[in-house]
Amino acid sequence: MEFRDYYQVLGVERSASADEIKRAYRKLARKYHPDVSKAPDAEQRMQAVNEAYAALSDPEKRAAYDQVGRGFHAGQEFRPPPDWDAGFEFSFGGGPGGQAGDFSDFFSTLFGGMGGAGGQRGFRTHGEDHHAKIMIDLEDALHGATRAIALRVPTVDPRGHVAVRERTLHVKIPRGVADGQQIRLAGQGSPGLGGGPPGDLYLEVRFHPHPRFRVDGRDILQSVPVAPWELALGGAIEVATPGGTVQVKIPPGSQTGRKLRLKGRGIPGTTPGDLYLELQVVLPPADSDKARELYESMARELAFDPRRAAGGRG
Amino acid sequence: MTDNDIVTGLVLEDAALTIDELARACGADPGWVVAHLEAGILTCVVTEAAPRFTSRDLQRARRVRSLERTFEADPELAAMVADLIDEVERLRTRLRRAGLACD
């Protein structure tokens, strides 16, 4: 296990006052808040900051951390000596910004002793709920799937100390789940205390960006390249959609950007979403004598001025 | 249960949370949920029996709770920040829908 330098994480001196620690924490919380930060590792950074603050904002935990961590540096191999925590009393409670289950093995080892309220005889309480994000593909939502997620699960040993172990959970992704929805897995959170029931695990579903399809709620949007004559004259074209190939009729006189709505062909659900096909004209290149001749013929015969049609001379 | 078992969950829209369940999911007590509901800070689905909370309500409640605890924020201020985050998300969705990058 690697030693974590909580002072370094918060960017404060070891002699920092409680007020300085709080100010540093809030500054970093603003910087790495996952709702605001664009940094790809914002969530992990925020967790590290929450963990450091949970340790340093509690006078008992800070005193214990200072005592056991004297002489250690970040990343150094670390094992706390046996009974190092004698004389201290703290519970595994999370800090202001995080829940205990979000914290590292290092934190659990140091502060996982279920002293305090959690260890009282006859105290029965529900296990803590956990939250995680799961990234899926649009196809998973359309057809359903099973995805494996790695979880860090706190467990309590016979002496009442908490350790964290890795566990893989195979989760069934129900057909029709939408981006942003939460899946609740009953009993997959932290174990209960004193015979209490375990907590639940909530998975927030997020879709990977798709190279061809865009998702808005339950609706799916897809750009469809079309030739100028298909737009002008109309007719049936074949389109490969997320649900398979379909024949679509283009109304004559369509313009590029026109959206065709295929009702109920979006993400399934009680009220299924729609599929929108956005027609995008693609011009054939004028890279041969024949092609140039055809364009020249159109220019002569059609006398078409798109600027005039748009109401200006551009 | 072994690591190879497949677990099936419920989408919150099909089984919305009660006040107690929402409170636990936010690491709060039910009184916090009730007070914030009465103040119009949290959202819910109103049923004949009792308020129920779906995915969006849970996300908002956790966001407000986190802002209040992290910054010791006034609930109204936390609600306003949550509203602004919602608005940014809504605009980003519109940009994505239009096929535009939003970062």
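Predicted model: local features only at pLDDT ≥ 70, side-chain atom pairs only at ≥ 80, totals over all residues.
For the complex it gives an ipTM of 0.89 and a pTM of 0.80. Chain B has a mean pLDDT of 90, and 94% of its residues reach 70 or more.

Now for the two chains. Chain A has 314 residues, of which 29% are buried, and its secondary structure comes to 9 helices and 11 strands. Chain B has 103 residues, with 35% of them buried, and it carries 4 helices and 4 strands. If you trace chain B along its sequence, the elements come in the pattern β-β-α-α-β-β-α-α.

What about the overall form of chain B? Its C-alpha trace spans about 45 × 40 × 30 Å along the principal axes. The radius of gyration is 16 Å, whereas a compact globule of 103 residues would come out near 13 Å. The contacts can be looked at by sequence separation too. Take the contacts in chain B with a separation of 6 or more: 42% of them are between residues 24 or more positions apart. In chain A, among contacts between residues at least 6 apart in sequence, 61% join residues at least 24 apart.

Next, look at where the chains meet. Chain A puts 30 residues into the contact, and chain B puts in 28. On the chain B side, the elements giving two or more residues are strand S1 (6-8), S2, helix H1 (19-25), H3 and helix H4 (75-97). Which of these gives the most? That would be H3(B), with 7 residues.

One general point is handy when you look at any sheet: in a regular strand the side chains alternate between the two faces.

Follow chain A past S5 and you come to Pro209(A), in the loop between S5 and strand S6 (213-216). Is this proline buried or exposed? Pro209(A) counts as exposed because it has 12 other C-beta atoms within 10 Å, and the cut-off for exposed is 12 or fewer. Pro209(A) and Met135(A) are 74 residues apart in sequence, yet their C-alpha atoms are 9.8 Å apart in space.

Further along chain A there is a hairpin, formed by S8 and S9 with 2 residues between them. Strands S8 (residues 235-241) and S9 (residues 244-250) run antiparallel and are joined by 7 bridges. Within this pairing, Val239(A) has Val246(A) as its bridge partner.

Back in chain B, two helices deserve a stop. H3 covers residues 55-71, and its 17 residues should span 24 Å at 1.5 Å a residue; its end C-alpha atoms are 24 Å apart, so the two figures agree. H3(B) is mostly covered, with 15 of its 17 residues buried. Just after this helix, Glu72(B) takes a positive phi of about 50 degrees.

H4(B) passes the length check as well: its 23 residues should span 33 Å at 1.5 Å a residue, and the end C-alpha atoms are 33 Å apart, which agrees. Which residues of H4(B) are buried? They are Ala78(B), Ala79(B) and Ala82(B). An α-helix has 3.6 residues a turn, so residues three or four places apart point the same way. The buried residues of H4(B) pack against H3 of chain B. Just after H4(B) comes another positive phi, of about 80 degrees, at Gly99(B).

Conventions: Residues numbered from 1 in each chain as written. Chains lettered and ligands numbered in written order. Expected span 1.5 Å × (residues − 1). Buried ≥ 20, exposed ≤ 12 C-beta atoms within 10 Å, placed from the backbone. Contact = placed C-beta atoms within 7 Å. Rg over C-alpha atoms; globule rule 2.2 N^0.38 Å. Pairing = 2+ DSSP bridges. pLDDT = per-residue confidence, 0-100.
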